[in-house]
Amino acid sequence: MYTPDPGDIIVDIDPGMAFGTGTHDTTSMCIAMIEKYLKAGDSFLDVGTGSGILMITAAKLGAGRITGIDNDDIAVAAARENLEKNRIQTDQYQVLHHTIERLANETFGFGSNVDHIS
């Protein structure tokens, strides 16, 4: 069992059948980038959200509005469950079951290396 140090941010997830256990190198690298570059209040976009691990991390590090999209309804359900499990406020996030084209008029401050989807 893991014993957190003071100041550790804990992300508790059950990926179920969705991608995103937190052990893959790309997930670790994304979390490191979020820790380094996310500013409090930034909006955050997670494309292919899977388990929602990056959304949860962004929320716990101070992101404002958080959006996750995935084309897999199992992933969308897992992300929602994990956001609730981590006590992320429901008015702070949305998890959508569709592709990125549906966000063409949205602007994000952080995530997917874009400021505007076009």
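**Figure 1. Overview of the predicted protein chain.** Of the 118 residues of the protein chain, 41% count as buried. The model shown is predicted. The protein chain holds three helices and three strands. Read from the N terminus, its elements follow the order α-β-α-β-α-β. The chain exposes about 7,100 Å², and carbon and sulfur atoms supply 52% of that area. Take the contacts between residues at least 6 apart in sequence: 60% of them join residues at least 24 apart.

**Figure 2. The open sheet.** Three strands build an open sheet, ordered S1-S2-S3, with parallel pairing. Strand S1 (44–47) and S3 stand at the edges. Each has a single partner strand, so one side of each is left without a neighbour in the sheet. From one strand to the next, the twist averages 15 degrees. Strands of a sheet pair through backbone hydrogen bonds, either parallel or antiparallel.

**Figure 3. Pairing of S1 with S2.** Four bridges join S1 and S2 in the parallel sense. Leucine 45 has threonine 67 of S2 as its bridge partner. Aspartate 46 stands opposite glycine 68 in S2. S1, H2 and S2 together make a right-handed β-α-β unit.

**Figure 4. Pairing of S2 with S3.** Strand S2 (residues 66–70) pairs with strand S3 (residues 93–97) over five bridges, in the parallel sense. Aspartate 70 has its bridge partner in S3: histidine 97.

**Figure 5. Strand S2 under cover.** How many of the residues of S2 are buried? Five of its five are, and the strand is mostly covered. In a regular strand the side chains alternate between the two faces of the sheet. Both faces of S2 are covered. Ile66, Gly68 and Asp70 are buried on one side. Thr67 and Ile69 are buried on the other.

**Figure 6. Helix H2 against the sheet.** Helix H2 (residues 53–60) lies across S1, S2 and S3. H2 runs at about 165 degrees to S1. Why is H2 described as largely enclosed by the rest of the structure? Seven of its eight residues are buried, so the rest of the structure largely encloses it. The buried residues are Ile53, Leu54, Met55, Ile56, Thr57, Ala58 and Ala59. An α-helix has 3.6 residues a turn, so residues three or four places apart point the same way. What covers the buried residues of H2? The cover includes helix H1 (25–37), S1, S2, H3 and S3. Just after H2 comes glycine 62, with a positive phi of about 105 degrees.

Figure 7. Histidine 98 is placed in the segment after S3. Is histidine 98 buried or exposed? Its relative accessible area is 14%, so histidine 98 is buried; the cut-off for buried is under 20%. Set aside its neighbours within four places in sequence. Histidine 98 is then in contact with Ile69, Asp70, Asn71 and Leu103.

**Figure 8. The salt bridge.** A search of the whole structure finds one salt bridge. In it, the side chains of arginine 65 and glutamate 106 meet at 3.4 Å, N to O. Where do the two residues lie? Arginine 65 is in the loop between H2 and S2, and glutamate 106 is in the segment after S3. The pair therefore ties together parts that are 41 residues apart in sequence. Arginine 65 counts as partly exposed, at 34% relative accessibility. Glutamate 106 is also partly exposed, with a relative accessible area of 29%.

Notes
Residues numbered from 1 in each chain as written. Predicted model: local features only at pLDDT ≥ 70, side-chain atom pairs only at ≥ 80, totals over all residues. Heavy atoms only, no water. Pairing = 2+ DSSP bridges. Buried < 20%, exposed > 50% of the residue type's maximum accessible area, 1.4 Å probe, protein only. Contact = heavy atoms within 4.5 Å. Axes fitted to C-alpha atoms, helices over the stretch in contact; angles between N-to-C directions. Areas by Shrake-Rupley, 256 points an atom, 1.4 Å probe, with all protein chains shown as cover. Right-handed = clockwise from strand over helix to strand, strands pointing away. Salt bridge = Lys/Arg side-chain N within 4 Å of Asp/Glu carboxyl O.
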